[in-house]
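Some notes on chain B follow, from its overall dimensions down to one of its sheets. Please read them alongside the coordinates.

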Amino acid sequence: MHFAAHLWMPFFDFVFMRRALIGGLVLACSTAPLGVFLILRRMSLIGDAVAHGILPGAALGFWFAGLSLPALTIGGLGAGLSMAGLSAWITRRTGLREDASLAAIYPISLAAGVLILGLAGKRLDLLHLLFGSALAVDETTLTGMLWVSGFSLIAMALIYKPLLLDTLDPLFLQTVSRLGPIAHGLFLTLVVLNLVIGFQAIGALMVVGLMMLPAIASRFWSRRLPVLIAVSAVLGCLSVWFGLLLSFYYSLPSGPAIVLVAGGGYLLSVIFGPVHGLLRRPPLLTSQ
Amino acid sequence: MITCNALRWGAPGQPLTPALDLTLEKGSLTGIIGANGTGKSSLLKVIAGLQKPLAGKVSVEVPRRRGLSFLPQQQHLDRQFPISLQELVAAGFWGTQLTPPQRNERLQAVLEDWCLSGLEHRPLMALSGGELQRALLARMSLAEAPVLLLDEPHAALDEDGQALCWKHIHAWHDQGRTIIVVCHDLASVRHHTQHVVQIKSTGCVFGPSKELIRPQPHMQVA
């Protein structure tokens, strides 16, 4: 009973913990299908590239407007989308490999972000921007997170079928429908939107962990797409819950705490997962 | 009717062949043959509108919705993709207005047609190459398009599977659909199709299959 109370108590007693929890849970639910589809599209790295890309935009927003949610969001959104777009454009025009093109974008974005923050003065803690703080989730941020999560869940439900076919068999989809590019574009926009809204609470770099780790871990639990998404959402929610508790009781930064719990979930899935997990006998040779 | 006017295709700057002029009548069954790398699959993609021609024009007279169905080569499918055979086949229903019971009935019939009954819930990664190929063909059956473009429908099929495949192609042909088949098996193309387009680096030849392809003493790969 005493132990159970520890699991709930901080969220009852403190408004900032409650806000961080609600924000984190809805974010975990809306990033789950995004992460799963990113992996299926072999675009796992794009989350990282976009998260780095957000930095200079958010830093510029901060420079001009201070610590305001709309400024940080618009700056982050613009920069994230243009970094992802620039990388895709270079790949298409020059034939540079997609991963190399993304890897080139990371350091440029990160360095630009750090440089702009340096020029802007020391008022915004760089560590806060990179790794987040649960304390940062105020009423406005939480409302933003609820809107973004609600919007992306509805949008994902609407584009689920064309996105699935566009991922599995784009040639087939192209012959029966023109929805492929629309679904693809909307999907990437949702990825950027979720990363941008998540970066204040969990940090620009850490929110990618919340998006990708549960999605990668879920692959060890099922072979069916809807189940993968559900498992991913549950793992994400558990990571947020226990990560925030760890952060509360041991005074840890919230972003890394959440991502490390998700990382623990991933390692446990690798070992114990029923689909190709390490303890699964006999070992299967196919891999994803 | 499918018309190609001075059509050139291939990678930019490297057209694969001299220009192709071709008219295929509605309801015809045509084979495309040629050595590796001559651009058979690319030509099929250009006709399907999946790839832009380098020069010239191609026009396919079909309704905009559900007018054309394309059977891709199975290598480009991710075999690890977490869906079942039934879900893959049911994608053929895209754009149809059937009720769920009608869909289910039609789906079961098509699965039976392609000897896939009992495999409905098997994940993609657990299918053999032949089973996956029959699933892709079954999806094409559901699409019921008037123009069918098949890229290597034989691939991965055993003798029975190939016979089943040609049986369905003839059934589609009898229904008045226009069909183009890219195939390496010259004996089959000679036996089953009326006309054939032979793609060579020197130019394309169009004519009756029985005249363009000599009788094959053995199974020969082009």
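1. In strand β6(B), Ala55(B) is the residue that stands opposite Arg8(B). The model is a predicted one, and the points below should be read on that basis.

2. Arg8(B) belongs to the pairing between β1 and β6. Strand β1 of chain B covers residues 2–8 and is joined to β6(B) by 5 bridges. The two strands run antiparallel.

3. β1 and β6 are part of an open sheet of 3 strands in chain B, ordered β4-β1-β6. Pairing in this sheet is antiparallel. The edges are taken by β4, residues 20–24, and β6, residues 55–60, each of which pairs on one side only. From one strand to the next, the twist averages 10 degrees.

4. For the secondary structure of the whole chain, the count is 7 helices and 11 strands in chain B. The sheet in point 3 accounts for 3 strands, namely β4, β1 and β6.

5. On overall dimensions, the C-alpha trace of chain B spans about 50 × 40 × 35 Å along its principal axes.

6. Taking contacts in chain B between residues at least 6 apart in sequence, 70% of them join residues at least 24 apart.

Conventions. Residues are numbered from 1 along each chain as its sequence is written. Chains are lettered from A and ligands numbered from 1 in the order in which they are written. This is a predicted model: local features need pLDDT of at least 70, side-chain atom pairs count only at pLDDT 80 or more; totals for chains, interfaces and linings use all residues. Two strands pair if DSSP finds at least two bridges between them. Helices (H or I, at least four residues) and strands (E, at least two) are DSSP runs, numbered from the N terminus. Axes are lines fitted to C-alpha atoms, for helices over the stretch in contact, and angles run from 0 to 180 degrees between N-to-C directions. Two residues are in contact if their C-beta atoms, placed from the backbone, lie within 7 Å.
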